[in-house]
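Thank you all for making the time this morning. I would like to walk you through one model, going from the whole chain down to a few residues.

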Amino acid sequence: MGSVDFWVWWLIAAGGFAIPLVLTAMPEFGMLSVGAVAAAAVSGITDNLAVQVVLFCVVSTALILVVRPIARRSREQPPGVSTGVDALKGRSAVVVERVDAHRGQVKLAGEVWSARALDGGEIFEPGTQVSIVEIDGATAVVM
């Protein structure tokens with residue numbers, strides 16, 4: 001077999017590793033695929049199959065040893081900071097206009113928001129401090 005044959009076989013192997021990567025979402029198959037591409041590139045320089053196999057093993061192993069711990073750490077990190085309306089949940093607000101089950105206004109994060117009480121029977125008078133339970137559209141639901 002000539003060197004052309006080796007690089008073709010290595011590229012077929014790379015594609016073969018890419019298929020289970022897509023189907024199983026296991027990143028190790030992607031790293032094996034990159035190792036096969038590296039071996040294909042080296043096969044253009046040398047016909048020595050042993051050198052190609054060693055390079056495949058070294059590149060694939062190095063990627064697995066380096067990338068897996070990084071991926072594991074990123075999965076284990078706590079979720080990022082809440083943004084948008086999610087960041088408003090749990091915050092305190094001051095009632096500006098009487099809040100009942102249907103309407104009212106509160107001052108939240110320096111802005112006046114439409115508001116309604118979570119419990120239909122509760123009424124909050126102006127000046128009362130309330131807690132934001134959720135944001136429903138453009139309305140703060142308070143308690």
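I will begin with how the model is to be read, and then turn to the fold and to some of the contacts.

What you see is a predicted model, in which local features need pLDDT of at least 70 and side-chain atom pairs count only at pLDDT 80 or more, while totals for chains, interfaces and linings use all residues. Residues are numbered from 1 along each chain as its sequence is written, and side-chain values use heavy atoms, with hydrogens and water left out.

The chain contains three helices and five strands, where helices (H or I, at least four residues) and strands (E, at least two) are DSSP runs numbered from the N terminus. Read from that end, the order of the elements is α-α-α-β-β-β-β-β. The radius of gyration, taken over C-alpha atoms, is 30 Å, well over the 15 Å of the globule rule for 143 residues, so the chain is more spread out than a compact globule; that rule is 2.2 Å times the number of residues to the power 0.38. Along its principal axes, the C-alpha trace spans about 85 × 20 × 20 Å. Of the 143 residues, 24% count as buried, that is, under 20% relative accessible area with a 1.4 Å probe and protein chains only.

Now the strands. All five close into a barrel, in the order E1-E2-E3-E5-E4 and with mixed pairing, where two strands pair if DSSP finds at least two bridges between them. Strand E1, residues 92-97, runs antiparallel to strand E4, residues 129-136, and three bridges join them. Within this pair, Ala 93 stands opposite Val 130 in E4.

Let me move to the helices. Gln 52 counts as buried, because its relative accessibility is 0%.

Glu 28, for its part, lies in helix H2, residues 27-43, and it touches Ile 64 and Arg 68, not counting residues up to four places away in sequence. The side chains of Glu 28 and Arg 68 are joined by a polar contact of 2.9 Å, meaning a pair of N or O atoms within 3.5 Å, of which, within protein, one must be able to donate a hydrogen and the other to accept it, and residues adjacent in sequence count only if both atoms are side-chain atoms.

Technical notes: Contact = heavy atoms within 4.5 Å. Buried < 20%, exposed > 50% of the residue type's maximum accessible area, 1.4 Å probe, protein only.
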